[in-house]
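Open the model in your viewer and keep the selection panel at hand. Each stop below gives something to select and says what is there.

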Amino acid sequence: MTLKLGVIGTGAIGQEHIRRCNNVLQGAKVVAVSDINVEGARAALQRLNISAEVYQDGHQVIASPEVDAILVTSWDPTHEEFTLAAIAAGKPVFCEKPLAMSAEGCRRIVDAEIQHGKRLVQVGFMRPYDAGYRALKKVITEGEIGEPLMLHCAHRNQSVGENYTTDMAITNTLIHELDVLRWLTEDDYKSVQVVFPRVTSKSHAQLKDPQIVLFETQKGIRIDVEIFVNCAYGYDIQCEVVGEEGIARLPEPSAIQTRKNARLGTPLLTDWKDRFIDAYDVELQAFINDVKAGELTGPSAWDGFAASVAADACLKAQNSGAIEPVEMPPRPAFYSK
Ligand SMILES: NC(=O)c1ccc[n+]([C@@H]2O[C@H](COP(=O)([O-])OP(=O)(O)OC[C@H]3O[C@@H](n4cnc5c(N)ncnc54)[C@H](O)[C@@H]3O)[C@@H](O)[C@H]2O)c1
Ligand SMILES: O[C@H]1[C@H](O)[C@@H](O)[C@H](O)[C@@H](O)[C@H]1O
């Protein structure tokens, strides 16, 4: 049976996911889409050479009897509303990060899912599906570098637009680390501080860029994450784990090395689409397979909530300059698997 998907939001990642669901992955097909820019949605489908129903409103996609499961790929502040509506309709939903704009919003989704009685939500945290992060986690869990003591990480984007603000460095960008570093260390955050270095001249008035976010975890691991979204030189994700017996680093994406004109050269990527292209394929194939098997196993609404609890503390720390506690409630039994 082919799983019939409805996609809400046909911008950059919406189009990427539509392309991969129809042309790369097995067992699913996009049958309906919506975007507030309806003409843009039609043009996107035409470019992709895919025919699907186009609706004005995401709620029409969710209500359509033709649609078995939903992908939410619209702007961040719309995620909570569409995810809650999908749960109310009893339809599985893959929601891009962040699950909601605050821990409170994520909690409403968690509560609705628990009330429904069965997992329906997968959050679009793709890094745990990335081969490099998986290899890094294996080295840690097999004890090759001993107990982790410190992590040094960087999340660098080449540039961002005028509508990207200082808080989005947390809710839209750091949110990936907030999830993947919990997964990697199997630990929870205890406290956080945000430090602002000198601002790059490539930023604009609404954005303090770069930022350094400093965490302590429950086990006492210290983590520093540099977020630098106008780094100019490329798209660069770094993660180094310092253990008691050695160091493990996230591998660089493979690239051809050249020797020419007395220079050694390796190209860098510039776009998240290419950096995590395989991870997106694996996460969405897992969603499709799990929906068909009747049991979701990917990043859960609870993972979305946990990342947002930490994000809320980071936002507070951005404003206060102080070390702020991260207060994570106990995991409900519903999410214990
Ligand atoms: N997992 C990842 O690595 C990753 C990568 C990129 C984007 N994202 C997330 O995906 C989402 C989309 O990002 P993007 O880069 O594609 O942005 P985008 O601006 O290119 O696309 C978003 C689209 O959503 C549409 N939209 C906004 N409100 C809507 C609504 N109420 N109903 C229907 N459509 C609506 C916009 O018109 C736009 O076409 C964001 O939440 C972002 O955080 C995740
Ligand atoms: O939506 C994108 C995406 O999540 C990328 O992975 C991240 O590097 C960007 O900062 C963010 O704006």
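Predicted model: local features only at pLDDT ≥ 70, side-chain atom pairs only at ≥ 80, totals over all residues.

**Stop 1**

Start with the largest pocket, whose volume is about 1,300 Å³. Its lining has 47 residues. Select Ala 12, Ser 74, Trp 75, Asp 76 and Asn 172, the lining residues closest to the pocket centre.

Now colour by helix. Helix H1 (12–23), helix H2 (38–48), helix H4 (79–88) and H7 each give at least two residues to this lining. H7 has the largest share, with five residues. Then colour by class: the lining divides into 25 polar, 16 nonpolar and six charged residues.

**Stop 2: ligand 1**

Select ligand 1. It sits in the largest pocket. Around ligand 1 are 22 residues, and the closest are Ile 13, Asp 35, Trp 75, Asp 76 and Tyr 280. Trp 75 and Asp 76 were also on the list for the pocket centre.

Next, show the polar contacts. Among them:

- Tyr 280 places a polar side-chain atom 2.6 Å from an oxygen atom of ligand 1.
- Ser 74 has a backbone N or O atom 3.2 Å from an oxygen atom of the ligand.
- Gly 124 has a backbone N or O atom 3.4 Å from a nitrogen atom of ligand 1.

How much of ligand 1 does the protein bury? Taken alone, ligand 1 exposes 840 Å², and the protein buries 83% of that.

Bring the helices back. H1, H4 and H7 each supply at least two residues of the shell around ligand 1. By class, this shell has nine nonpolar, nine polar and four charged residues.

**Stop 3: ligand 2**

Move to ligand 2, which also sits in the largest pocket. Select its surroundings: Lys 97, His 155, Asn 157, Asn 172, Thr 173, His 176, Tyr 235 and Trp 272. This shell divides into five polar, two nonpolar and one charged residue. Helix H7 (residues 168–185) supplies the largest share, three residues.

Which side chains make polar contacts with an oxygen atom of ligand 2? Check these distances:

- Asn 172: a polar side-chain atom lies 2.5 Å from an oxygen atom of ligand 2.
- Thr 173: a polar side-chain atom lies 2.7 Å from an oxygen atom of the ligand.
- Tyr 235: a side-chain N or O atom is 2.7 Å from an oxygen atom of ligand 2.

Finish with the surface. Ligand 2 alone exposes 300 Å², of which the protein buries 84%.

Conventions:
Residues numbered from 1 in each chain as written. Chains lettered and ligands numbered in written order. Heavy atoms only, no water. Near = heavy atom within 4 Å. Polar contact = N/O pair within 3.5 Å; in protein donor to acceptor, adjacent residues only side chain to side chain. Areas by Shrake-Rupley, 256 points an atom, 1.4 Å probe, with all protein chains shown as cover. 1 Å grid on protein atoms, 1.4 Å probe; cavity = no way out; pocket = protein on both sides within 12 Å on 5 of 7 lines; lining within 4 Å. Sits in = over half its atoms within 2 Å of the grid points. Helix = DSSP H or I, 4+ residues; strand = E, 2+ residues; numbered from the N terminus. Nonpolar A, V, L, I, M, F, W, Y, C, P; charged D, E, K, R; others polar. Points joined across faces, edges and corners; volume = space filled by probe spheres on them.
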